[in-house]
Amino acid sequence: MLELRGLTKQFGGVTAVDSLDMDISAGELVGLIGPNGAGKTTVFNLVTGFARPSKGTVVFNGRNLTGMSTHSVAKVGLARTFQMSNVFRSLTVIENVIAGAHLDARISFWESLFHTPSAQRKSSRVRAQAEEILEFVGLQESRDTPAAVLPHGHKRTLGIAVALAARPQLLLLDEPLSGMNAQEVDQAMALIRKIWESGITILLIEHNMRAAMALSQRITVLEMGKKIAEGTPAEIKANDRVIQAYLGAKGRAARVD
Amino acid sequence: MNSRLYKAIGWLTLLVILCLVPLFMKQNYVLHVLITIGVGVVLANSLRFVFLTGQLSLGHGAMVSLGAYFSSLTVMNLGLSFWLALPLAGVFAMIVSFFTGYLFTRLKGFYFAMVTMFLTMVVQLVAEQWRGLTGGVGGLTNIPPPNAIGALGFDSKADFYYLMLAIAVISLLIMYLLEFSRLGLTLTSVRDSEALAASVGVNTRFYKVLAFGLGGFFAGVVGSFYCHYYSAVSPSSFTFMLSIDVLVFMVVGGRHRFVGPILGAVVLTVIPELGRGMKEYEPFIYAAVLLLIIVFLPRGLISLPEQVRILLRRGTSPSERAASAITRGSHRA
Amino acid sequence: MLLELIDVTIHYDTAEAVSGVSLVVEEGSVVGIIGSNGAGKSTLLRAISGLVRPTSGDILFDGKRINDLKPHEIVKLGVVQVPEDHRHFPHMSVMANLRLGAYLRKDKVEVQADLDNIFEHFPKLKARRNQKAGTLSGGELEMLVIGRGLMAKPRLLLLDEPSLGLSPIIIDELGQVIADINRQGVTVLLVEQNAGLVTEVTNRGYVLEVGKVVLEGNINELMSNQSVQRAFIGG
Amino acid sequence: MYVQDLLNGLTSAGIYILIALGLTLILGIVGIVQMAHGEMYMVGAYVVYLFSMSMGLPYFAALVISIILVGCLGIVVERLFLRRFRGDVEGAIICTTAFILVLQTAVKGIAGPSYKDIASPVEGVVEVFGARLSWEEIVIILVSAVLVVALLVSIKWTKPGQAMMAISEDLVGATLQGINVDRLSSIAMFIGCGLAAAAGGLIGATFSLEPFMGGFALTQGITVIILGGLGSVPGAIIGGLILGLIDGLLTPQVSPTIASIVGLVIVILILLFRPKGLLGYE
């Protein structure tokens with residue numbers, strides 16, 4: 001479904017992503033992990049058109065996305081969430097989801113202006129779908145709350161709901177669990193699994209290793225922009241290179257004890 | 001539902017009262033002030049329409065200017081009817097806005113504000129320079145009033161008043177309908193987070209240009225009205241200070257609410273008029289009001305009741321404080 | 001006790017970023033705070049430096065409450081932060097960056113001596129002293145910002161994720177540098193996601209999770225603790 | 001004669017640079033767009049007029065007094081108002097616009113709306129490379145050169161100067177070095193307004209004063225700093241030279257208005273291709 005070939009990004013003299021090859025097949029849930037600053041978010045930016053690769057290609061369902069603008073990438077079925085600013089602050093929860101459904105049931109300028117019956121039909125359909133999505137993620141209670149005053153955990157969930165509203169085939173989640181407490185983490189994990197089971201392929205960046213290991217079928221590990229390991233969670237857990245990257249030599253020793 | 005009904009009734013009542021004003025207020029002075037308010041309201045609201053996408057434009061003066069020159073030149077030189085020239089002036093300003101907006105929207109925040117300010121100055125300078133067409137510094141004079149239509153002969157202030165009222169009502173209605181439609185939602189989403197909007201498929205540049213262009217349309221229409229009302233137009237009619245004035249209306253009234261700019265235009269047009277007795281120091285009063293509001297009511301006059309409520313209740317919850325801070329934070333370019 | 005936090009709670013907007021954190025840093029020690037992204041580590045350091053005000057709780061330095069001091073007053077007391085992301089002044093020279101570290105110091109002769117000292121420790125910085133700081137590599141930048149912190153003659157040095165984006169070899173070097181600094185009598189509070197660096201240089205640590213201290217104690221014990229292992233490697 | 005035009009351009013450049021340096025310092029350190037900067041320039045000119053013409057002090061003494069007084073006025077405005085608008089573009093524009101009105105009205109009320117002239121400190125004309133240059137112009141070029149060099153030297157070699165550079169590059173980073181940003185903001189405002197006053201006082205010896213002369217100064221100042229890149233000191237100098245030379249070389253060929261249009265269009269074009277200005281960064 002998604003093929004990255006030799007993907008490279010340089011900022012000034014720094015190579016943030018270094019000739020990365022990666023494949024994701026339809027229906028997979030793949031984890032992308034690595035220490036802070038390893039270049040994970042840059043990979044997302046390169047895939048979704050926020051940054052242009054210095055080298056390499058991004059192919060999605062046989063289409064070359066390299067260098068395509070972000071909004072066109074969304075059209076072919078890729079959506080993502082963000083670590084920061086992941087909701088439209090001044091819109092209410094349901095408006096956020098409706099805004100996320102921008103590509104769905106487009107309403108023309110004149111339809112907007114005259115609130116024509118066809119526009120109203122489309123609007124109510126989009127609204128109904130937004131309600132469904134809110135129910136799916138469990139935010140229906142806060143439907144009319146301004147997004148800015150949502151508790152942190154709910155904001156993160158809303159960010160996912162906005163991405164879902166764009167009806168992606170492949171969803172890229174950028175640290176969906178960060179800053180959540182244990183209970184919220186469990187709920188969010190359940191939600192991610194539910195989204196995946198509904199047939200959406202997922203690429204997940206996550207710092208919470210327990211969650212990343214539990215959710216992913218396959219994991220790719222980045223360090224300094226390079227892929228240092230790839231495999232099932234069990235393989236990754238046992239990989240010396242990975243343990244060293246995360247825990248350092250001493251930590252590894254402690255672990256062996 | 002009910003509150004919506006009350007609101008509609010309230011607005012209709014206001015409209016009826018405004019329609020009746022000339023029957024009771026015969027003084028030209030009052031009508032003139034009301035017309036000035038109308039001009040301010042349309043300009044401030046159309047500036048806010050551009051601002052919905054987070055773009056702070058100081059190019060409004062240019063668009064008013066273009067509308068005014070387009071309208072007076074087509075009417076005077078080509079013999080076009082005013083009633084055709086009025087919307088065409090808007091369309092002309094809109095086309096120029098689309099074009100310049102397309103070039104400018106890659107600039108953000110302060111740079112966008114400044115480049116649009118330069119646009120205003122360039123238009124002014126070109127108007128000064130192109131004597132053959134625009135009459136240079138002296139400008140155009142003896143611009144004919146609108147052709148008579150029905151009971152409106154445009155030989156009295158009242159007729160202009162009704163024209164302005166119609167322009168204001170229609171413009172506000174259009175902007176209101178657009179803001180509270182899917183389109184408005186998309187524009188706001190672009191302001192809140194361009195990255196997030198783009199990631200769900202919004203062509204952010206297109207919508208920024210669209211908002212800039214539509215804002216320009218209303219400014220052009222106002223320009224057309226203006227020159228036929230004063231029967232004159234000159235480069236110094238619309239300097240960048242006009243852009244600033246309009247910005248002041250918007251911010252002082254409240255940039256986050258539809259009624260904000262309306263309120264700002266009304267209050268800030270009336271205050272100097274009240275201070276007319278002390279003409280020398282009138283700008284002082286105006287400046288003092290500006291400073292007071294911007295310092296103590298950063299979200300504009302429209303937030304006064306809310307601020308008072310928060311003050312009275314004293315111990316506000318963090319969520320309330322945050323709620324009142326939402327719109328404050330989101331305007332940052 | 002050089003630094004003591006008592007039941008500190010910090011809000012960002014409405015969200016509680018740090019809730020009820022208490023910790024102590026003894027004079028002469030190196031203390032680590034470990035936690036993943038969003039755990040509130042940086043917020044805690046920002047509060048100690050006076051960049052954000054805690055909603056409640058006390059921050060004591062040398063027994064004095066510093067909650068309400070301005071950032072520059074806190075620096076004056078000797079609490080110096082080396083910020084995240086190797087934050088530097090990219091268009092100023094390496095030398096100018098270092099000198100800014102000594103902004104509040106009046107003892108010109110000693111400042112010069114310290115500058116020489118830092119150049120001796122970091123010969124790479126000396127070679128590039130007239131270059132713009134923005135041209136340095138990640139590892140050199142981290143040495144630069146640590147050097148800049150030292151120029152303030154700190155009593156307590158706060159390090160915010162110094163290992164960010166650095167290669168394992170450089171991180172090892174960094175461990176040496178931190179140990180050296182401590183040996184010269186500077187107390188260090190090290191905030192890290194990279195548990196490796198922490199285990200290398202600290203003896204006591206805290207584990208922060210979603211704004212709360214969930215574990216504290218001897219660093220080797222912490223690292224062999226099951227839940228820490230799980231948090232870092234998902235074991 | 002090109003030498004003549006070049007020297008005239010240099011005179012304009014001197015004035016523009018003084019204005020732009022102030023604007024760019026205030027923008028970089030106080031973090032706001034000072035719309036009333038032109039009014040500081042206007043007030044500066046009137047203070048020189050007051051002390052030299054009404055009170056009979058020597059011109060240069062009046063110039064120094066004006067720089068200090070207007071600088072202090074800047075500090076007061078910064079302390080009372082500008083501080084709270086760091087980063088709030090619209091708020092800052094409105095707040096400083098209010099000061100445009102206050103200062104214009106005050107000066108108009110006190111000095112009257114009519115034109116005022118400051119007698120030149122030195123009369124006469126000199127021949128330079130075959131061009132005729134009045135002493136007034138030489139004074140402008142020399143004084144502005146001295147002030148610019150003094151500013152550059154103090155930015156490079158004094159602690160407050162380096163602190164200002166640091167603030168304009170990274171506010172939080174600077175704070176963490178123990179730099180008192182509030183104090184430096186006041187200093188920047190003092191310097192910025194003082195430079196504006198110097199420009200006003202210098203121009204006052206050549207042109208007549210009127211209460212609305214600030215608008216031109218502001219637009220030229222903003223043009224220059226956008227040209228050079230916001231917050232960049234060398235940018236302000238290079239931008240000022242470019243704009244001054246456009247003025248000097250184009251004005252005799254075409255009308256001043258066309259010269260202005262060309263200047264503005266060049267700036268717009270530069271921005272479109274280099275959105276951060278010639279030497280801009282961030």
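Reader: Let's start with an interface: how many residues of chain B are in contact with chain D?

Author: First, a note on what you are looking at: this is a predicted model, local features need pLDDT of at least 70, side-chain atom pairs count only at pLDDT 80 or more, and totals for chains, interfaces and linings use all residues. Residues are numbered from 1 along each chain as its sequence is written, chains are lettered from A and ligands numbered from 1 in the order in which they are written, and side-chain values use heavy atoms, leaving out hydrogens and water. Contact here means heavy atoms within 4.5 Å. By that rule, 40 residues of chain D are in contact with 38 residues of chain B.

Reader: Which pair of chains has the most contacts?

Author: Chain A and chain D do not touch, and their nearest C-alpha atoms are 14 Å apart. Among the five pairs of chains that touch, the most contacts are between chains B and D.

Reader: How much area do chain D and chain B bury between them?

Author: The size of an interface is often given as the accessible area lost when the parts come together. Buried area is the accessible area (1.4 Å probe) that two parts lose on being put together, summed over both. Here 82% of it is on carbon and sulfur atoms, and the amount that chain D and chain B bury between them is about 3800 Å².

Reader: Which residues of chain D lose the most area to chain B?

Author: Three residues stand out, together giving 18% of what the chain D side buries. They are D:Glu90, D:Ile94 and D:Leu272.

Reader: Which residue of chain B forms a salt bridge with D:Asp88?

Author: A salt bridge is a side-chain nitrogen of Lys or Arg within 4 Å of a carboxyl oxygen of Asp or Glu. The count between chain D and chain B is two. For D:Asp88, the closest N and O atoms are 3.9 Å apart, and the partner is B:Arg255.

Reader: Why does the salt bridge of B:Arg255 and D:Glu90 join two chains?

Author: The side chains of B:Arg255 and D:Glu90 meet at 2.5 Å, N to O.

Reader: How many residues of C:Glu161's chain separate it from C:Lys41 in sequence?

Author: These two form a salt bridge, with the closest N and O atoms 3.2 Å apart. C:Glu161 lies in the loop between strand S7 (156–160) and helix H7 (168–183), and C:Lys41 in helix H1 (residues 41–48) of chain C, so the pair ties together parts of the sequence that are apart by 120 residues. C:Glu161 counts as buried because its relative accessibility is 2%, and C:Lys41 counts as buried at 4%. To repeat the separation, it is 120 residues.

Reader: Is C:Arg65 buried or partly exposed?

Author: The side chains of C:Arg65 and C:Asp58 meet in a salt bridge (2.5 Å, N to O). C:Asp58 has a relative accessible area of 27%. The value for C:Arg65 is 45%, so C:Arg65 is partly exposed.

Reader: Which residues touch the most other members of the largest nonpolar core?

Author: A nonpolar core is a set of buried Ala, Val, Leu, Ile, Met, Phe, Trp, Tyr and Cys residues joined through side-chain atoms within 4.5 Å. The largest one has 246 residues, and the members touching the most others are A:Leu158 and B:Phe225.

Reader: Which helix holds A:Asn96?

Author: A:Asn96 is buried, with a relative accessible area of 0%. Beyond residues up to four places away in sequence, A:Asn96 touches A:Val87, A:Phe88, A:Leu91, A:Ala147, A:Leu158 and A:Val162. A:Asn96 lies, within residues 93–100 of chain A, in helix H3.

Reader: And which residues of helix H3 of chain C are buried?

Author: This helix (residues 94–101) is mostly covered, with six of its eight residues buried. What covers them includes helix H4 (108–121), helix H5 (123–127) and helix H6 (138–151) of chain C, together with helix H6 (159–169) of chain D. The buried residues are C:Val94, C:Ala96, C:Asn97, C:Leu98, C:Leu100 and C:Gly101.

Technical notes
Buried means under 20% relative accessible area, exposed over 50%, partly exposed in between (1.4 Å probe, protein chains only). Helices (H or I, at least four residues) and strands (E, at least two) are DSSP runs, numbered from the N terminus.
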